[in-house]
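Here is a short report on one structure. Take a look at the sequence and the model first.

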Amino acid sequence: MSTHEKKHSSERLQRVIELCKSVEDRGVDPFAVDVDDIIATLQKCFHEWESPEELALDAEAVQYLASVIQNQGDWVKRRSTSLYRDPFLLEEKIQSLNKEELATLFTKVWNPIIEMEQLSIPSLAEAIKYWNDLVPIDERWQKFDPMKVEAGATTREELVRLRILAEKTFFEELETFWAELKQKVGENEKILYWDFVGADTYSDTLDRAYMTSFLVTYGYATLELHPLEEEIFIIPFKEPRSGLPDKRMVSVPISVSHEEWIRWKEMKQV
Amino acid sequence: MTRKAYYARKIKKAAQLLFYKRHMKPGVKGWELKNALGSDYPKVLKVLDDHLEKLDMQVKTVFEGEEPKENPTLEELNKARFFITLRGGFPSKDAKMMGWRIDDIAGLATAISYIISKDGKAPREEVDELLRTKLPGWRVDMNLNRYIRAGYLAEDENNMLYLDWRTRAEVDQKELVDLLLGTGS
């Protein structure tokens, strides 16, 4: 096959991909795509492809064609449901009705959600109490003169005691923490975020949440999110992973508030 | 505690959970109700629904995905979202009391009906064009954005519009199509 012919076939595949994409993205009628013709074209060209780029293009075309076939299936399924009506007739009806008629008709089938966004008497009382107990702003923002202290020497032990320096380096601590995670997970693949992070005191819980965030950032573990159940699991890796080039990096904000810690403790006691 | 008192307490709690907005989105997830009311919460909701019927309200269940389910499993219910909605529609003149102008309702009806007619998704520019035949041009974009913000419509990165969770919760789509087709014939 000449280079010119190859280029021509490659352009044809690109057009096939674009057509299939337009079904997916622009809502074009999936039956506008002649699947048999495209399959014949793909079969004809397949033996001529040699380079990985050409084969990848072929695979992409097959993938998009599969999605068109799926769209055709959905189309047939939808037509068989009771909701299906001729779209042209429906569109014509929408066009022919004026604003008032449309609104009258719509309110017959519209049952808006009822929700309340009002303050309750107890919450108002709580707000008043807070306001009355609040110290005036000039008192809250009082300036204190800094205490003067003489400069002097200190030791490493003293800094460790004052928690300015850590006994271990950060990465040593991280590795210890990682080992603890692996041990807690044991045979299971994962552990609930709060079951790992939660500790007897809120301060310790915050420390553990802080270290966990570094475990995930530095590739010692990953998070598995179940948004519907509002559950988060931590999955430790056997070996630290330096990067995940095939995956998009995302930030996951996790609230570790005092209320949530209390709730976790209560649930744990139950 | 007697059985009656037990259910009375649970119904009260269910009503509070469903009426008061607790999240950004209104409504309560099934698993939240399960945590608060126990695993027999579908039974509690059924009794609450019977009470609400006298006030022309109902407990509405919106399942994940498009289709309503006739005999849902407990797992499907746990993942569903529950709302309290009106039961039998209302006169369009009352819409003003809810902060909706006739223009806004007509626009919403047009957008939803058109998307239904296009198998559940339609390009924004087509909906925009159709709305311009019903509303003043300057309101069209503003209204479409309002419907999207409220959760009636969703828009993807290709500017395709879809029906969103609030339409599934509040609008009887089948009845809307039937009424539309029944007009002027």
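Which residue stands opposite A:Leu223 in β3(A)? That residue is A:Ile234.

## About the model

This is a predicted model: local features need pLDDT of at least 70, side-chain atom pairs count only at pLDDT 80 or more, and totals for chains, interfaces and linings use all residues. Residues are numbered from 1 along each chain as its sequence is written, while chains are lettered from A and ligands numbered from 1 in the order in which they are written.

## The strands of chain A

Chain A has 12 helices and three strands. Both kinds are DSSP runs, numbered from the N terminus: helices are H or I with at least four residues, strands are E with at least two.

Strand β3 (residues 231-236) of chain A pairs with β1 (residues 191-192) of chain A in the antiparallel sense, over two bridges. To count as paired, two strands need at least two bridges found by DSSP. Here A:Ile191 stands opposite A:Ile234. β2 (residues 221-226) of chain A also pairs with β3(A) in the antiparallel sense, over six bridges. β2(A) and β3(A) form a hairpin with four residues between them. In the turn, A:Glu230 has a positive phi of about 55°.

## Where the chains touch

The contact takes 36 residues from chain A and 52 residues from chain B. Two residues are in contact if their C-beta atoms, placed from the backbone, lie within 7 Å. On the chain A side, α1 (3-26), α4 (87-96) and α5 (99-109) each supply at least two residues. The largest share, 10 residues, comes from α5(A).
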